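I opened my notebook to look up strands and cores. I take the entries one topic at a time.

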Amino acid sequence: MRQKRMRRKKDKMKKKYSYMVAMLAVMGIHAAVANKAEAKAPWADDNFLQYVNYSSSDSKVTTKRDYTYDEKNLQTNLQYKPKFPNNLALWPGSGDDGWALGGVVSASDLPYPLSDIAKLKHLKYRVTMNTRIDDNDHMILMTNGTVLERDKDSGDAGMAKVYTMTSQETDFIPDRNVIQFVLDDVNTPLSRIESIHMSVFDTEGPRLQNITLPNAGNGKFHLGQSLDIVLHFEEPVNIDASFELPMNTRKKAKYVSGDGTKDITFRYTVEADDMTRSDIGKQPYNQGKYLGIGTRTPSEWDANQGGDDKIGGLLPPNVKDLSDNPMESSTSGNPYNWKSNYDVNYNQSPGGASYFNQLDSLKLQVDGIVPIINKVDVATSTGTKYLKAGDKLTIKLQLDDVVTGTNGYIQFNNGKKALYKSGSGTKEVTYEYVVQPGDEGNELAYTNFIGNLGITDDFGNTPMVQNGYNPPLALASGEAICVDAVLPTVEFIPDTDGTYERQHSVKLNVVEKGSGLKGDVLQYAWVQSPDQSSVIWVTYGIMDGKMPAVSKDKVNGDWYVTVLMQDRAGNINRITSPAIKFDNILPSLSITPNGMDKYLGALTPTVDVTDEHAGVDDARLEYQWMYRDDEVSEANWLE
């Protein structure tokens, strides 16, 4: 009889289990992570719990109010993975009825970034369940060994009343957190769990693990150069993007990127007069030997530190984790409380032992004070403003600081350059322009005086011209430099196109675009050979706007106009015209009769006309028969 009652009881339990499983499958097990205000859960995983064997006889429950729950009912190695709602296995004990639902949650079961935050031991959790409890039944909720129990209130009428059971906030242990739900002393199949909700809380602010400088280079930064400062936190953080990180140069590094991640990047750009050096005397003030975070008083200028003494008072108000916990700040008892107690692999590092700051180790220096060009001397090899091919223009810069560099140049408006010549490693640097054939430039000027000098101080600062100073490109007298490496020339314009004439006039179109003809004169001569060396020169003054013209007559044959010119730059050129043809010799005429000098019938004389240069124009040849009377003088022959 007893065996039948037990069998029926077990049959009822099987139905109860099936009902409970169905309810849990429908409701699901809700897991949530929230900040202290339980905001919208960033993750939800219904599979972090599993059913386990339970027998009240094995639980060592002595009374409903005095018990020690034996965790051996969970799988003995406590390393099982969540299986809910699959692989259900429930067996009531031999004597008492009841069941248990249990599970283990570890940091690896949480999604990122909660998994990392759990490793930091910053998390707490709380479990809430809605349960129906019938008469004589007893519900137990256990979180990491802390017990919460409940019976049906004696004053509640009816069957299986709904109650909410909420555990206390419990520290989330990175390795394992054991959560158990126990129903003991089952009287009816009506007691059950209807829903389970797990909330996870981030309760501590973020801490800093290291400061790195990915573009530190050689540790020297000049005007306009930028340095990225990366703050690596132990968990993702939000930062006020308007926050600027004060530096010991009295300037600030600006936020660049990383909000919502573990790496927050600030960028510091060297500005004019930034200085951390104390090894030279050009600075207006000394602000420490190395770059660091945080402004400093004069007594702190020599501190060789990256700013750790300042971080705890600067960052915490502006940095919060994703749960809105502010960054840990300095306290009187622990000024470096903001350093993480874990390394980047989440191994414990008490007191921030693994923390490092490359602003300390790399010892960066900045120099934003550029060399100043305070004087420029200009000289020519000719001693005059005029330069021809082979002549030299020298530009000497005087600076207030030592500079180095040998590959620079100064650009001119004629497209040419003065190249570096000497002075690297001193405060006086010289550039030289050697004029090449064909170079021109009536008023030489700089087109980019400063941009390509190719010299810097020891930190890489390029020079600037002293404020208000205009570098000259002229002699001391103020005369502008004239480059003229093109020979003067002349265009010959004859009055005829290569024909013989008794006289010729040739215009001389002088072409001189550079320095102009010396004395505004040229010399010319008429010669009978293009290469005639012995010449009697005639000086001809050039008047503005008028073209010189030279003439010649009473000569015969080919003659040439040769012109000798010199411009103010010293270019000399002699040019000779093509042949100019003259003809001042009369044609020769001979008449040969074909009979005797007496009339004997028809007479046909032969007329032969020749000319030495121009030739005979047959169209203009005329003749006339004349009568001669021996008794009449020749003067009257034609009368």
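Predicted model: local features only at pLDDT ≥ 70, side-chain atom pairs only at ≥ 80, totals over all residues.

In which sense do S15 and strand S16 pair, and over how many bridges? I found that S15 and S16 (residues 252-257) pair in the antiparallel sense over three bridges. I noted the rule for pairing: DSSP must find at least two bridges between two strands. Strands are DSSP runs (E, at least two residues), numbered from the N terminus.

Residues are numbered from 1 along each chain as its sequence is written, and side-chain values use heavy atoms, with hydrogens and water left out.

I looked up one bridge first. Leu245 has Ala253 in S16 as its bridge partner. Next I traced the sheet. It is open, has six strands in the order S15-S16-S17-S13-S11-S19, and its pairing is mixed. Strand S15 (244-246) and strand S19 (356-357) stand at the edges with a single partner strand each, so one side of each has no neighbour in the sheet.

**Entry: the partners of S4**

I followed strand S4 (residues 123-133). S4 pairs with strand S10 (residues 192-202) in the antiparallel sense over 10 bridges. Here Thr131 stands opposite Ile193. S4 also runs antiparallel to strand S7 (residues 161-166), with six bridges. In that pair, Ile133 faces Lys161. Strand S8 (residues 170-171) is joined to S4 by two bridges, again antiparallel. There Lys124 has Asp171 as its bridge partner.

**Entry: the cores**

I looked for nonpolar cores, which are sets of buried Ala, Val, Leu, Ile, Met, Phe, Trp, Tyr and Cys residues joined through side-chain atoms within 4.5 Å. Buried means under 20% relative accessible area (1.4 Å probe, protein chains only). The largest core has 30 residues, and Leu208, Ile229 and Ile311 have the most contacts inside it. Strands S11 (208-212), S13 (226-233), S14 (237-239) and S17 (263-269) each give two or more residues to this core. S13 gives the most, with four.

I then checked Ile311. Beyond its neighbours within four places in sequence, its contacts (heavy atoms within 4.5 Å) include Leu208, Ile293, Trp338 and Tyr355. A second, separate core has 27 residues, among them Val378 and Ile455.

**Entry: the seven-stranded sheet**

I read the order as S28-S24-S25-S26-S23-S21-S29 in an open sheet with mixed pairing. The edge strands, S28 (446-448) and S29 (464-465), each pair on one side only. Inside the sheet, S21 (residues 372-380) and S23 (residues 392-403) run antiparallel, joined by seven bridges. Lys375 stands opposite Gln398 there.

Technical notes. Buried < 20%, exposed > 50% of the residue type's maximum accessible area, 1.4 Å probe, protein only.
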